[in-house]
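Thanks for coming, everyone. Let me put the structure up and then walk you through a few parts of it.

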Amino acid sequence: MSYIHNIGAYFLMIKEMFRKPTKWSVMRGLIFKDIDDLIIGSLGIVAFISFFVGGVVTIQTALNISNPLIPKYLVGFATRQSVILEFAPTFISIIMAGKVGSFITSSIGTMRVTEQIDALEVMGINAINYLVFPKFVSLMLYPFVISIAMFLGILGGMAACIYGGFSTLDDYITGVQMDFIPFHMTYAFIKTFVFAFLLATIPSYYGYFMKGGALEVGKASTTAFVWTSVMIILLNYILTQMLLS
Amino acid sequence: MIEVKDIYKSFGDHDVLKGISTTFEKGKTNLIIGQSGSGKTVFLKCLLGLFIPDKGSISYNGHDYLDLSDDERSDLRAEMGMVFQGSALFDSMTIAENVMFPLKMFTKQSKSEMQDRVNFVLKRVNLADAHKKLPSEASGGMQKRVAIARAIVNKPKYLFCDEPNSGLDPKTATVIDNLIQEITQEYDITTMINTHDMNSVMEIGEKIIFLKDGLKEWEGSNKTIFKTDNEAVTNFVYSSDLFKRVQKMYLEEDM
């Protein structure tokens, strides 16, 4: 029963997020602050992970191609496909569920524990719109982060390929450019927008409706991470089935 | 004026409020007292609209809160100021930004007008030099004064305080009590204070409601509470040695 209750409460929260908007002059500041916290603040870790995981994908692909008849440019091709289709949108989103998601849950949860949300409600402010909507808007810039992840993943692969001596730069670039299907980018960005919505709303839900003290804030952050990851994986499967098969 | 008629509130099987009726008058400090678990906080949250009572009515100047539309409720809430037990200051904002927040949300004042009002209110609570501090850099007493400044900055008609003295030393607690009473009289607002601090009862209790097990057990003022023969009230009031001595003093006065 509690699952059904949670699902219902989650959708009611989303409805409430668009109702009775906060004054634009205040909301603007909140959006810029959340862009700084959630998007700009994540670039460093996303860049670091993308570059090195791109490198690892390349090395593993190259080491698994033992047949001399398979052309070397396939390393670049496989890296591009892995990075664009799966690694950048999905793997990075799960990392973001940990980084951004736990930040959102703990910051909103702490506001709940310290009665700051009650203070907003007493003032007649729609606390859900005030707290969740700016996060939702700022995470609509999340595809920008994923674009950087895609670029750096392929760049990291290139660096690993050349410095590891697995193929030449020309072979790698030929592979990256080979049989490129533009719809794969559309597919990746559709997934990214859906994941951005989940990243903004599921952790907010667990923060906003948490009960208890500091210990429960930690528990809520963990639960939010688990459910955000589960939903990302599940919707990844559904969207892939719908868009690619 | 706030008129409460026969309100009930339960959480699951637990009946917290069991039919409370009373009125809170304008320009007076109204105290809600009682032991922990007596229903004070739930009662205050019902008055604020944070909890909706299961039964009964709460009227603000003749308008039943429960009959108001969402927008009318929001407008009414903009006329309320609240001082939370833990101050509930927004920790990402400076003290001046905390105080300015209701003005930013509900008025169309220019930045300089808002700044002037914030300066005035912070000066009123003796925090003229604390503008740029973060709440985490302020002491408990300062945080309470900032919370009071934030609650009154938009000139509310109703001021609610949930245990404003908890965690404060007796001297600071008295300063906070006096500040609340002065503001109540100065702005002619209806003030409700939820407390179990007997010093507050003695100092500023113009009207006192004593709650016990979700029921209104007694109603009076700081003039009458020390002379009542209600056993539950006397047990509560004279539970400390200090007040036992006060009781003795009153009895000697009567003789």
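I'll take the chain contact, then a helix, then the domains and a sheet.

First, the ground rules. This is a predicted model: local features need pLDDT of at least 70, side-chain atom pairs count only at pLDDT 80 or more, and totals for chains, interfaces and linings use all residues. Residues are numbered from 1 along each chain as its sequence is written, while chains are lettered from A and ligands numbered from 1 in the order in which they are written.

Now the contact between chains. Chain A gives 12 residues and chain B gives 14 residues. Contact here means C-beta atoms, placed from the backbone, within 7 Å. On the chain A side, helix α4 (residues 116-122) supplies the largest share, 5 residues. Helices (H or I, at least four residues) and strands (E, at least two) are DSSP runs, numbered from the N terminus.

Next, helix α9 of chain A, residues 214-244. It has 31 residues and reaches 44 Å from first C-alpha to last, close to the expected 45 Å. That expectation is 1.5 Å times one less than the number of residues. Which residues of α9(A) are buried? They are A:V217, A:A220, A:S221, A:A224, A:F225, A:T228 and A:I232. Buried means 20 or more other C-beta atoms within 10 Å of the residue's own, C-beta atoms being placed from the backbone; exposed is 12 or fewer, partly exposed in between. Their cover includes α3 (74-113) and α8 (182-208) of chain A.

On to chain B. Its domain assignment gives domain 1 (25-51 + 68-79 + 157-255) and domain 2 (88-155). Such bounds come from an automatic or database assignment. The two centres, over C-alpha atoms, are 25 Å apart. Domain 1 of chain B puts 11 residues into the contact, domain 2 of chain B 9 residues. Helix α6 (residues 170-187) of chain B has the largest share of the domain 1 side, 6 residues.

Last, the sheet. Six strands of chain B form an open, mixed sheet, ordered β6-β7-β8-β3-β9-β10. Strands pair if DSSP finds at least two bridges between them. Strands β6 and β10 (215-220) of chain B are at the edges with a single partner each, so one side of each has no neighbour in the sheet. Strand β6(B) runs parallel to β7 (residues 158-162) of chain B, joined by 4 bridges. Within that pair, B:M80 sits opposite B:Y158. In β6(B), B:M80 and B:M82 point one way, B:G81 and B:V83 the other, and all are buried.

How values were computed:
Two residues are in contact if their C-beta atoms, placed from the backbone, lie within 7 Å.
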